[in-house]
Amino acid sequence: MCNEKISDENLQLKLEDPIEYYLKNIEDPEIMAELRWEDPYFYDYILRLHFINEMQNHENIYRCPECRGNIITDIDSGEEYCTCCGLVTRTHYPYVAGQRLMLDYGLK
Ligand SMILES: [Zn+2]
């Protein structure tokens, strides 16, 4: 096993915050293969965390799901909407008169 490639900074992170360390190096097949061999349960845990992170990142919508136009945030209302077709993708008020807004069809 060769650890010479790991820099001091990386090694320190590995000791202090192994979760952060492996999430940072998740694209490194050598490091991940080593973890999988040494601690398969922790390896699974890291993959799950990575998956959750990915899902959360996809929540940020910058393209309109309908027309691929740009999504901008209205400063006054805080609503996010498409500059092309006016589709509202997110608003601070998810409920109107007790009924959940159908954001998919909410036009500005
Ligand atoms: Zn649009």
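In what follows, a residue is called buried when its relative accessible area is under 20%, and exposed when that value is over 50%. With that in hand, welcome to this predicted model of a protein with four helices and five strands. Along the sequence, the elements follow the pattern α-α-α-α-β-β-β-β-β. Of the 108 residues, 27% count as buried.

**Helix α3**

- Helix α3 covers residues 29-38, and its buried residues are Ile31, Met32, Glu34 and Leu35.
- Viewed down the axis of α3, these buried residues fall within an arc of 160°, so they line one face of the helix.
- Where α3 starts, Asp28 brings a side-chain oxygen to within 3.0 Å of the backbone nitrogen of Glu30.

**The zinc site**

- Four cysteines coordinate the zinc ion through their SG atoms: Cys64, Cys67, Cys82 and Cys85, at 2.3 to 2.4 Å.
- The angles subtended by the four donor atoms run from 101 to 118°, which makes the arrangement tetrahedral.
- For reference, the ideal angle for four tetrahedral donors is 109.5 degrees.
- If you are looking for the donors in the sequence, their spacing is C-x2-C-x14-C-x2-C.
- Cys64 sits in the loop between α4 (40-57) and β1 (71-73), while Cys82 belongs to strand β2 (residues 80-82), so this pair ties together parts that are 18 residues apart in sequence.
- Cys64 and Cys82 are both buried.

**The three-stranded sheet**

- An open sheet is built from three strands in the order β1-β2-β3, with antiparallel pairing.
- The edges are taken by β1 and β3 (88-90), each of which has a single partner strand, so one side of each is left without a neighbour in the sheet.
- On average, neighbouring strands of this sheet are turned by 35° against each other, direction ignored.
- Three bridges join β1 and β2 in their antiparallel pairing.
- Across from Ile72 you will find Tyr81 in β2.

**Where the topics meet**

Key
Residues numbered from 1 in each chain as written. Predicted model: local features only at pLDDT ≥ 70, side-chain atom pairs only at ≥ 80, totals over all residues. Heavy atoms only, no water. Donors = N, O, S within 2.8 Å, 3.2 Å for Na, K, Ca; no water. Tetrahedral: all angles 85-135°; square planar, octahedral: opposite > 155°, others 65-115°. Helix = DSSP H or I, 4+ residues; strand = E, 2+ residues; numbered from the N terminus. Buried < 20%, exposed > 50% of the residue type's maximum accessible area, 1.4 Å probe, protein only. Arc of directions from axis to C-beta. Polar contact = N/O pair within 3.5 Å; in protein donor to acceptor, adjacent residues only side chain to side chain. Pairing = 2+ DSSP bridges. Axes fitted to C-alpha atoms, helices over the stretch in contact; angles between N-to-C directions.
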